[in-house]
Amino acid sequence: IEGFAKIVEGLSQVKKLSNKAKDDISKATSTVRMGSRILLWGPTWSGKTMSFHTEANKLKKEGKLDYIEKITISEGFEDLDFLTYIVPQPTWGIKYVEREIITILREASKGKKVAICLDEINRGSRSFLNFILTLLDGVDWSNYILNNTVKDEKIVIPMENVLVYATMNLGSRYSGTSALDEALKDRFTEVHFIGYNLENEKEIATNGFGSFAQNALDIVSHVRKESQDGQICSAISTRGL
């Protein structure tokens, strides 16, 4: 019973430290407001996407947001994949169905407040990245223009109605990408590196591994170095701890 109590206490501390990590990441993007375009880059599982959810949920709780949407970009993601998805028909052929993100952005053009996250943006194809570059190019400094080629529709969205996040694992072999077009990167108002919080990890290891904490940290450090040297494809993340 005593041993179990120590485990429960340790897990409780880990949860508190996890919340502390969220707070630390939020401080890095403390200037977030509607109209911001924020690019977060860094190693896998360092909290980039968590930062989006933390900030967006906070804004929604405060009544400043109507919709929150995350789009996970897969390898070779095309602009058509952003606009639609394919539904096989029961008898013959396929049907293109509009994605919810387009419906939401159309609502933003009418005054609704929207937060979107383009998760792992640099996995997308060249056509998709050009599509996003055009979308985020506020040519009149007031509006985004979404060219919905599927419906031959132009959706004009006031910039103050949209909060845009994008994440990427720059340099990570796991994502299969190592760069983002400079012109697209320049479309973001803020670019932040989100790395592993080593002090936070030390506390997590102490509470989670007890007397084996240093052994665990040594393993993590070794694996990350091997990853950086290209010997293995992925490092141990904070979330892994």
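Select Leu-80, Ile-86, Ile-94, Tyr-96 and Val-150: together they make a nonpolar surface patch of about 450 Å². The model on the screen is predicted. Leu-80 belongs to helix H3. With a relative accessible area of 35%, Leu-80 is partly exposed, because that class lies between 20% and 50%.

**The hairpin**

Next, select residues 84-88, which are strand E3, and residues 94-98, which are strand E4. The two strands run antiparallel and are joined by five bridges. Click on Tyr-85 and look across to E4, where Val-97 is its bridge partner. E3 and E4 form a hairpin, with five residues between the strands. Which residue in the turn has a positive phi? Select Gly-93, where phi is about 85°.

**Helix H5 and its neighbours**

Move on to helix H5, residues 126-135. Its buried residues are Phe-128, Leu-129, Phe-131, Ile-132, Leu-133 and Leu-135. Now show what these buried residues pack against: helix H3 (79-83), strand E5 (114-119), strand E6 (143-148) and helix H6 (182-185).

**The aromatic rings**

How many aromatic pairs does a search of the whole structure find? There are five. For one of them, select Phe-77 and Phe-128, whose ring centres are 5.0 Å apart; the planes stand at 80°, so the pair is edge-to-face. This pair links distant parts of the chain, 51 residues apart: Phe-77 is in the loop between strand E2 (67-72) and H3, and Phe-128 is in helix H5. Both of these residues are buried.

Phe-82 has 1% relative accessibility, so it counts as buried. Phe-131, at 12%, is buried as well. Keep the four rings on display: Phe-77, Phe-82, Phe-128 and Phe-131 form one aromatic cluster.

**Salt bridges**

Side chains of opposite charge can pair when their charged atoms come close. The whole structure holds nine salt bridges. Go to helix H2 (residues 48-61) and select Glu-55 and Lys-58, which are three residues apart and so separated by about one helical turn. Their side chains meet in a salt bridge of 3.4 Å, N to O. Which of the two is buried? Glu-55 is buried at a relative accessible area of 5%, whereas Lys-58 is partly exposed at 42%.

In helix H6, Lys-185 and Glu-182 are also three residues apart, about one helical turn. The salt bridge between their side chains has an N to O distance of 3.6 Å. Lys-185 counts as partly exposed, at 21% relative accessibility.

Now select Arg-123 and Glu-120, whose side chains meet in a salt bridge of 2.9 Å, N to O. Are these two residues buried or exposed? Both are buried. For a network of salt bridges, select Glu-98, Arg-106, Lys-151 and Glu-153, which are linked in one.

**The whole protein**

Finally, clear the selection and zoom out. The protein has eight helices and nine strands. Of its 241 residues, 41% are buried. Its accessible surface comes to about 13500 Å², and 53% of this belongs to carbon and sulfur atoms. Among contacts with a separation of 6 or more, 68% are between residues 24 or more positions apart.

Key:
Residues are numbered from 1 along each chain as its sequence is written. This is a predicted model: local features need pLDDT of at least 70, side-chain atom pairs count only at pLDDT 80 or more; totals for chains, interfaces and linings use all residues. Side-chain values use heavy atoms; hydrogens and water are left out. Two strands pair if DSSP finds at least two bridges between them. Helices (H or I, at least four residues) and strands (E, at least two) are DSSP runs, numbered from the N terminus. Buried means under 20% relative accessible area, exposed over 50%, partly exposed in between (1.4 Å probe, protein chains only). Contact means heavy atoms within 4.5 Å. Patches are made of residues with over 30% relative accessible area and no salt bridge: like charges are joined within 9 Å, nonpolar side chains (Val, Leu, Ile, Met, Phe, Trp, Tyr) within 5 Å. Accessible areas come from the Shrake-Rupley method with a 1.4 Å probe; for residues, only the protein chains shown count as cover. A salt bridge is a side-chain nitrogen of Lys or Arg within 4 Å of a carboxyl oxygen of Asp or Glu. Rings of Phe, Tyr and Trp (its six-membered ring) pair if their centres lie within 6.5 Å; planes under 30 degrees apart count as stacked, over 60 as edge-to-face and the rest as tilted.
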